[in-house]
Amino acid sequence: MLPNYLRIIKRGRNYYFRFLPAISKALLTDLCRKNCDDYIMFVGASPVFNVEGITWFVENVAPRIKQNVYVVGSCCEPLSKKINQTDYPKCILKRFCG
């Protein structure tokens, strides 16, 4: 097994997820134990283009899909100021986890 990779076996298939230092292996394991088809994960820092891009996605795409959208990283803070999370319950902001 490669370092910084997590292997999850679901329904007889292997899924490999590379995790970044900003995401703890425990958080990634928790997310991956759920059905891998049930969520989309966006990992990003807080430059304006990341925040604008994920804001557009949350407002325009997330309401039309069945998956939850997990947003991880320092982009969560500015995103939380731009969107009302009660209006987008499928958007879960995780920030940093050690």
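Tutor: Here are some questions and answers about this protein, going from the whole chain to single residues.

Tutor: A word on the source: this is a predicted model, where local features need pLDDT of at least 70, side-chain atom pairs count only at pLDDT 80 or more, and totals for chains, interfaces and linings use all residues. Residues are numbered from 1 along each chain as its sequence is written, and side-chain values use heavy atoms, with hydrogens and water left out.

Student: Which residues of α2 are buried?
Tutor: Helix α2 runs over residues 48–60. On its other side, Val48, Phe49 and Trp56 are exposed. The buried ones are Asn50, Val51, Ile54, Thr55 and Val58.

Student: What covers the buried residues of α2?
Tutor: Go by contact, meaning heavy atoms within 4.5 Å. The cover includes β3, β4 (68–72), α3 and β5 (91–95).

Student: How far apart are the end C-alpha atoms of α2?
Tutor: The expected span of a helix is 1.5 Å times one less than its number of residues. For the 13 residues of α2 that should come to 18 Å. The model agrees, with the end C-alpha atoms separated by 18 Å.

Student: Is valine 58 buried or exposed?
Tutor: Valine 58 sits in helix α2. Leaving aside neighbours within four places in sequence, valine 58 is in contact with Pro63, Ile83, Tyr88 and Cys91. Its relative accessibility is 0%, so valine 58 counts as buried.

Student: Which backbone oxygen lies 3.2 Å from a polar atom of the side chain of asparagine 50?
Tutor: Asparagine 50 is another residue of helix α2. Not counting residues up to four places away in sequence, asparagine 50 touches Phe42, Gly44 and Ala45. The backbone oxygen in question belongs to alanine 45.

Student: Which residue forms a salt bridge with lysine 82?
Tutor: Side chains of opposite charge can pair when their charged atoms come close. A salt bridge here is a side-chain nitrogen of Lys or Arg within 4 Å of a carboxyl oxygen of Asp or Glu, and the count comes to one. The closest N and O atoms are 2.9 Å apart, and the partner of lysine 82 is glutamate 52.

Student: How many residues apart are lysine 82 and glutamate 52?
Tutor: Lysine 82 is partly exposed at 41% relative accessible area, and glutamate 52 is partly exposed at 39%. The pair links distant parts of the chain, with lysine 82 in helix α3 (residues 76–82) and glutamate 52 in helix α2.

Student: Which residues is aspartate 38 in contact with, leaving aside neighbours within four places in sequence?
Tutor: Aspartate 38 belongs to the loop between α1 (25–33) and β3 (39–43), and is partly exposed at 38%. From aspartate 38 to asparagine 68 the C-alpha distance is 6.4 Å, although they are 30 residues apart in sequence. The contacts of aspartate 38 are Gln67 and Asn68.

Student: What distance separates the C-alpha atoms of lysine 66 and aspartate 38?
Tutor: Lysine 66 is in the loop between α2 and β4, and is exposed at 68% relative accessible area. Along the chain, lysine 66 and aspartate 38 are 28 residues apart. Their C-alpha atoms are separated by 7.5 Å.

Note on methods:
Helices (H or I, at least four residues) and strands (E, at least two) are DSSP runs, numbered from the N terminus. Buried means under 20% relative accessible area, exposed over 50%, partly exposed in between (1.4 Å probe, protein chains only). A polar contact is a pair of N or O atoms within 3.5 Å; within protein, one must be able to donate a hydrogen and the other to accept it, and residues adjacent in sequence count only if both atoms are side-chain atoms.
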